[in-house]
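Subject: Structure handover

Hello,

Here is the structure I said I would pass on. Please have it open while you read the notes under it.

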Amino acid sequence: MRIILIEDEIRLADSLRAFLERERFVVDHVDRLETAREAGLIGKFDLVLLDRTLPDGEGLSLVPLFRKTNPGIHVIVLSARGEVADRIAGLDGGADDYLIKPFSLDEMLARIRAVKRRPAEMAGEEIRAGSLVFDLMHEEVEIRGERIDLPRRELRVLAALLERRGRAVLRESLEQAVFGFDDIVQSNTLDSHISRLRRRLNDRRAGIEIHAIRGVGYLLREAS
């Protein structure tokens, strides 16, 4: 799951980002409406963690943009504005949930898990290819019934390729799925992750192949 965190309290944002990255999420952080709009137009996200009171306006104004550019995205408001009227405004404004500051990090994580379980997310929660099963909801991989622990970025590469298996996936799309805006990405960083992932899958006879397409990106298909 890729998350965009829209929060202007830098100390809180740093704490949330560190916690979420330990939980294997990809997290991008912005602190203004303007930069959030730019991110919403170019980035692909699964979840928005949204502060309502931003220096340049009301955070809820961003919800229609993210809904349009990222179909199926979830929105959780993080706000110190906890009156009943505020919560109603947040939910009526398009949020899936409303979390009042200060809050427990574990509670935030539980609420993220809860929105992932919503009915709209239930269809197609497993992808099967070769001997491999990818559980999208829990982000777990099994090969012939044995769970395989993959590093976070290799897991994100695998998910992106599996979701479009049999079709070429652009390098840019893979990099968006794997890296945050602030990550320093060398020209061969993605290739290194894919090389290690390919080796792990081959060693476990997963029955799938990852092919490089010169000048385009990568393609995953079942082994013949």
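Predicted model: local features only at pLDDT ≥ 70, side-chain atom pairs only at ≥ 80, totals over all residues.

Four strands make up an open, antiparallel sheet, in the order β8-β9-β10-β11. The edge positions go to β8 (126–129) and β11 (146–148); each has a single partner strand, so one side of each is left without a neighbour in the sheet. On average, neighbouring strands are turned by 25° against each other, direction ignored. Between β8 and β9 (residues 132–135) the antiparallel pairing runs over 4 bridges, and Arg 128 stands opposite Val 133 of β9.

The helix. Packed on this sheet is α6 (residues 152–163), which touches β8, β9 and β10 (140–143). The direction of α6 makes about 105° with that of β9.

The core. The largest nonpolar core counts 29 residues, and Leu 132, Phe 134, Leu 158 and Leu 201 have the most contacts inside it. Two or more residues each come from β8, β9, β10, α6, α7 (171–178), α8 (189–203), β13 (208–213) and β14 (217–222). With 7 residues, α6 gives the largest share.

Which residues does Leu 132 touch, leaving out those up to four places away in sequence? They are Ile 127, Val 141, Glu 142, Ile 143, Leu 158, Leu 162, Leu 201, Ala 206 and Ile 208. As general background, nonpolar side chains in soluble globular proteins tend to be buried together.

Regards

Terms used
Residues numbered from 1 in each chain as written. Heavy atoms only, no water. Pairing = 2+ DSSP bridges. Axes fitted to C-alpha atoms, helices over the stretch in contact; angles between N-to-C directions. Contact = heavy atoms within 4.5 Å. Core = buried A, V, L, I, M, F, W, Y, C linked by side-chain atoms within 4.5 Å. Buried < 20%, exposed > 50% of the residue type's maximum accessible area, 1.4 Å probe, protein only.
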